[in-house]
Amino acid sequence: MSLRRLATGSFAFALCILPACAQQNSVRINQIQVIGTHNSYHAGFAPSAAKLWRERNPDAFKGLDYSHKPLAEQFDSGVRQIELDIFADSKGGLYAHPLGPKFVADAHLPPDPDFDPDGLMSKPGFKVMHMQDIDYRSTCQPFIACLEQIRSWSHEHPRHVPIFVLVETKQGSPRRPFQEIDPEPFTSSTFDALDAEIRSAFPSAELITPDDVRGHYETLNAAVLAGNWPTLESARGKVIFLMDQRPMGPIYLAGHPSLRGRVLFTNAEPGEPDAAFIERNDGPVAEITDLVRKGYLVRTRTDADTKEARVNATTRRDAMIASGAQMLSTDYPANEPARWAGHYAVALPEQAIARCNPVNAPAACTIGPLQ
């Protein structure tokens, strides 16, 4: 038997015919590869702020000079991993009055459009942005609204390849004099609230959690090394949440050994009881390949700080794609190529939504119809 292939738009779809269906049903979610976006909410700078920071700190501005389309448009184009940076704001209003507009006014530049016309920043709840006071414009706000956008798209595409959501928890001392807002720290209680907020948007049936992967194994790491990830078929239409900041792992784990009862997978060291997801944003490629072969889920970056995009440098991109990292994060997915000469972009072969992983997929791997 074979697969009868159909073409829809720029992506490849397939009609499953036995025994190909049996092969398709055996592929697990750590045996595929998808394209992701870095700081997926990032709306970029408004005109006057862009002019100000370009002149005041051109090198730093270069690294921030990118933006993304709304989440639903990214999903429509085939992105299946996103990244959301969140700030805790349990009382509301902590980030409602950034310094940015004052800097613009002091520079005698025209005021930019209000970044929060609906007053969302004054309400309690996690906020989504890159840097308080400086780089705070987001295509979705607050975090719960981003979650609702993800779920809405997911319900409209019920058999989609699972969406991986990387969550970066932002805190730490501000960089004065350009920042003065002290972020609220993440505590165990803060993480309880984060889990609750995610579960308020997604019922258990729409999530893949550490408990789902651990199964009967004593630790999550043991389950992963035994290949106990869900199959792609059973994971369709679901969402997986991952934690970016490794130092936050012990706080998130407190009272939840091996992530029992938690929603997010921590960014752990290989071999630790909670190890399932590992970031290797800068490689090395050989280490990524080794981790993928062992069964871990790996996220890497194909470019950073607009450096590769400005000169269309593709060496890092091509090496990371070949590494087998399941999530390939970029500021320039195929539908958002760089504006500079060469129009750097990142895509899987034939601009597929997902493909069989080049390192660890079964020899007879097929992944069936894609959404």
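1. Helix α6 covers residues 143–156 and helix α7 residues 188–201; they pack at about 35°, axes 9 Å apart. Helices are DSSP runs of H or I, at least four residues, and strands are runs of E, at least two, numbered from the N terminus. Axes are lines fitted to C-alpha atoms over the stretch in contact, with angles from 0 to 180 degrees between N-to-C directions.

2. The model is predicted: local features need pLDDT of at least 70, side-chain atom pairs 80 or more, while totals for chains, interfaces and linings use all residues. Residues are numbered from 1 along each chain, and side-chain values use heavy atoms, without hydrogens or water.

3. On the α6 side, F143, I144, L147 and R151 make the contact; on the α7 side, L194, E197, I198, S200 and A201. Contact means heavy atoms within 4.5 Å. The contact has six nonpolar, one polar and two charged residues. Ala, Val, Leu, Ile, Met, Phe, Trp, Tyr, Cys and Pro count as nonpolar, Asp, Glu, Lys and Arg as charged, the others as polar.

4. P183 sits in the loop between β6 (163–169) and α7. P183 is buried, at 12% relative accessible area (buried is under 20%, with a 1.4 Å probe and protein chains only). Leaving out residues up to four places away in sequence, P183 touches F87, L94, Y95, Q132, K170, Q171 and G172. M243 is 60 residues from P183 in sequence and 18 Å away in space, C-alpha to C-alpha.

How values were computed: Buried means under 20% relative accessible area, exposed over 50%, partly exposed in between (1.4 Å probe, protein chains only).
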